[in-house]
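Have a look at the model first, and then read on.

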Amino acid sequence: MSDTTEARNVSSDGKGCLPLVLVLIGAAGVAFTWFALEDVAETLGARHWPEVPAVMQVSEGQVDRNASEFDKPFTYRSRYVYRYQATPHISERSFKTGDWSDVAERISKYPPGAHVTAHVNPGNPERNYLELPSLWILVLPGIPLALLAAGLIGLCLVWFRKRRGDGRAEGRKSEGLGL
């Protein structure tokens, strides 16, 4: 009966939840790392995609007058055509921003009729970039990797403390201290 009472006391002190929390933190780190590494792989891979000529058809900015103060009221929209392996493709893009100068910069850089270069994914020609993604995305996996490391280190600490604690209790019992 006393063994059962001790087991209840140990689990009711909340220490049993710590490993579960650490496992969840580690699992979140693994999941976020997976998604981040997919973006990193595409960013690095895009630097080796073939470059093909493209022609801008649309390059314009719009203002959303109904946007709330928390929304980004400016939208840049573009459309360009390119050929990859003799197949024509059309790419349409848009992004929202809170700064009209971002839109104006894109309009001046990519005016309608301009001949530009598109980087095309050879495995999926619909996937392309006019501008290669920034290498700052390489920092992105650091955040989930920190979560993963925290979960693993925490689990190791809990496991080692538990093992060290079990060994001490057995040693005390064998010495006749009964602690």
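## Salt bridges and the sheet

R77 has a relative accessibility of 27%, so this residue counts as partly exposed; the term sits between buried, under 20% relative accessible area, and exposed, over 50%, with a 1.4 Å probe and protein chains only. Before going further, please note that this is a predicted model, in which local features need pLDDT of at least 70 and side-chain atom pairs count only at pLDDT 80 or more, while totals for chains, interfaces and linings use all residues. Residues are numbered from 1 along each chain as its sequence is written, and side-chain values use heavy atoms, leaving out hydrogens and water.

R77 forms a salt bridge with E60, where the term stands for a side-chain nitrogen of Lys or Arg within 4 Å of a carboxyl oxygen of Asp or Glu. R77 belongs to strand β2 and E60 to strand β1, 17 residues apart. E60 is partly exposed too, at a relative accessible area of 26%.

The structure holds four salt bridges.

| Pair | N to O distance |
|---|---|
| R127 and E42 | 2.5 Å |
| R77 and E60 | 2.6 Å |
| E131 and R106 | 3.5 Å |

What does the pair R127 and E42 tie together? R127 lies in the loop between β4 and β5 and E42 in helix α2 (residues 17-46), so the contact joins parts that are 85 residues apart in sequence. Helices (H or I, at least four residues) and strands (E, at least two) are DSSP runs, numbered from the N terminus. R127 is partly exposed at 33% relative accessibility, and E42 is partly exposed at 23%.

E131 sits in the loop between β5 and α4 (142-174), and its partner R106 in helix α3, 25 residues away. R106, K109 and E131 are linked in a network of salt bridges.

Now for the sheet. Five strands form an open sheet in the order β3-β2-β1-β4-β5, with antiparallel pairing; two strands pair if DSSP finds at least two bridges between them. At the edges are β3 (87-97) and β5 (128-129), each pairing on one side only. Helix α3 (residues 100-109) packs on this sheet and touches β1 (51-63), β2 (74-84) and β3, contact meaning heavy atoms within 4.5 Å. The direction of α3 makes about 140° with that of β1; axes are lines fitted to C-alpha atoms, for helices over the stretch in contact, and angles run from 0 to 180 degrees between N-to-C directions.
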